[in-house]
Amino acid sequence: MTNAPLNRDHRGRTMVKSVMVAYALWAVGGPVGLHHLYLGRDSHALLWMLTLGGFGFGWVREAIRIPAYVVEANQEAERERRATHTMVPPPVSPVRFVGQVSVGIYFGTVALIGLNSLRFFYLIVLPLCVGAGVHLVSSIGQQTSDLQKTLTACLITSPIFYGSSLSPLPISLAASVTAAQNRRAKFPRTPGSTPKLGPRLYRLGLAWLAFSAPLGYCIFHNTTATLYYLSDCVSALLDIFWFLPWLKNVLEYILLMPYRLLCVLTGGGYYEDAWRKVLEILLKEYTEKEKEALKVLSLEAEASLEDITRTYRGLAKTWHPDHNPSKEAEAMFMKIHEAYVVLLQRHKPHRFT
């Protein structure tokens with residue numbers, strides 16, 4: 001990826017980057033890297049797209065960093081015009097190192113969520129994902145690192161922590177140390193070699209898709225669990241403001257706005273138990289595991305919580321090892337109990353008010 005393109009007008013003159021424009025783009029689309037795209041910092045733009053502005057902290061920090069970014073972009077454009085560049089080793093940056101470790105862990109966590117079913121995941125896939133995150137941060141601005149050595153460090157470290165859910169941390173640390181030891185300034189482009197905006201956006205789009213597609217597949221493949229998790233998160237968020245009821249009501253009103261609009265457009269009524277209704281709409285289809293649980297309890301898809309509980313109690317009494325001397329009683333009892341737990345989770349109340 002490139003980092004400060006030499007923009008020219010129709011007469012071939014260099015277009016100087018504006019601090020005001022950069023700040024405007026930072027305010028409007030900073031968390032997705034619009035200002036970095038304007039300044040030609042494509043690696044930085046991609047990082048912001050994938051982490052929503054460095055998890056928010058990086059975006060806020062840039063309020064004082066943008067003037068330096070603009071100066072850097074204009075200086076790079078001038079170096080391209082003169083085709084000169086002094087190869088001075090960049091200094092070690094603690095902020096960059098922490099960013100490398102954090103993004104490496106972030107990429108590794110996303111891989112654990114979306115790609116852990118792949119063969120050789122802990123030996124190849126996970127270290128490559130962590131290494132990609134570390135290298136992305138190390139390539140921001142006017143410096144980069146040796147990608148081959150960074151990935152090699154990841155591949156060597158990964159088998160030591162094979163199978164551990166915490167393995168992204170040591171892998172990311174090893175990769176970050178290697179990247180810091182092999183940092184170097186970027187070579188300037190030759191005059192006139194700057195790629196146009198279209199191809200740059202195309203490459204950024206492909207990179208973003210490669211990152212988000214596995215995670216998106218995992219989320220939609222486990223829609224029920226994901227929605228329950230999100231509903232619990234929103235509920236916990238609203239409960240934080242128990243001491244400010246008016247603020248909690250405002251937040252709940254905003255979060256329920258899409259549902260209210262749906263009721264208006266479809267002519268349906270608005271229900272007090274709105275969050276529960278939303279979940280019932282979104283979770284209309286049973287997962288395969290839930291369908292199997294229904295078969296075990298001999299229930300229809302329309303069964304209510306009362307029907308499930310009543311059927312479970314009857315079957316549990318019939319197959320309980322204390323009441324049933326048959327050999328398969330214990331296994332059947334456990335199977336009935338597991339099916340009940342699965343269906344109970346689906347019907348678990350999710351309270352937001």
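Tutor: Helices here are DSSP runs of at least four residues, numbered from the N terminus. This is a predicted model.

Student: Which helices supply at least two residues each of the lining of the largest pocket?

Tutor: α3 (42-55), α4 (57-61), α5 (66-82) and α6 do.

Student: What is the volume of that largest pocket, and which residues lie nearest its centre?

Tutor: Its volume is about 840 Å³. The lining has 33 residues, with Arg 61, Tyr 69, Val 95, Arg 96 and Ile 140 nearest the centre. By class, 14 lining residues are nonpolar, twelve polar and seven charged.

Student: What about the second largest pocket?

Tutor: It holds about 450 Å³ of space. Its lining has 23 residues; Leu 46, Phe 107, Ala 132, Leu 136 and Ala 207 lie nearest the centre. Two or more lining residues come from each of α3, α6, α7, α8 (147-157) and α10 (197-221).

Student: Which element gives the largest share of this second lining?

Tutor: α7, with five residues.

Student: At what angle do α6 and α7 pack?

Tutor: About 145 degrees, with the axes 7 Å apart. Helix α6 spans residues 94-114, and α7 spans 121-138. The crossing is right-handed.

Student: Which residues meet there?

Tutor: From α6, they include Arg 96, Val 103, Phe 107 and Leu 112. From α7, they include Phe 121, Leu 126, Ala 132 and Leu 136. The contact divides into 13 nonpolar, six polar and one charged residue.

Conventions:
Residues are numbered from 1 along each chain as its sequence is written. This is a predicted model: local features need pLDDT of at least 70, side-chain atom pairs count only at pLDDT 80 or more; totals for chains, interfaces and linings use all residues. Side-chain values use heavy atoms; hydrogens and water are left out. Axes are lines fitted to C-alpha atoms, for helices over the stretch in contact, and angles run from 0 to 180 degrees between N-to-C directions. A crossing is left-handed if the near helix is turned anticlockwise from the far one by less than a right angle, and right-handed if clockwise. Contact means heavy atoms within 4.5 Å. Ala, Val, Leu, Ile, Met, Phe, Trp, Tyr, Cys and Pro count as nonpolar, Asp, Glu, Lys and Arg as charged, and the others, Gly among them, as polar. On a 1 Å grid over the protein atoms alone, a cavity is a set of points where a 1.4 Å probe fits but cannot get out, and a pocket is an open set with protein on both sides within 12 Å along at least five of seven lines; lining residues have an atom within 4 Å of a point. Grid points are joined across faces, edges and corners, and a volume is the space filled by probe spheres set on the points.
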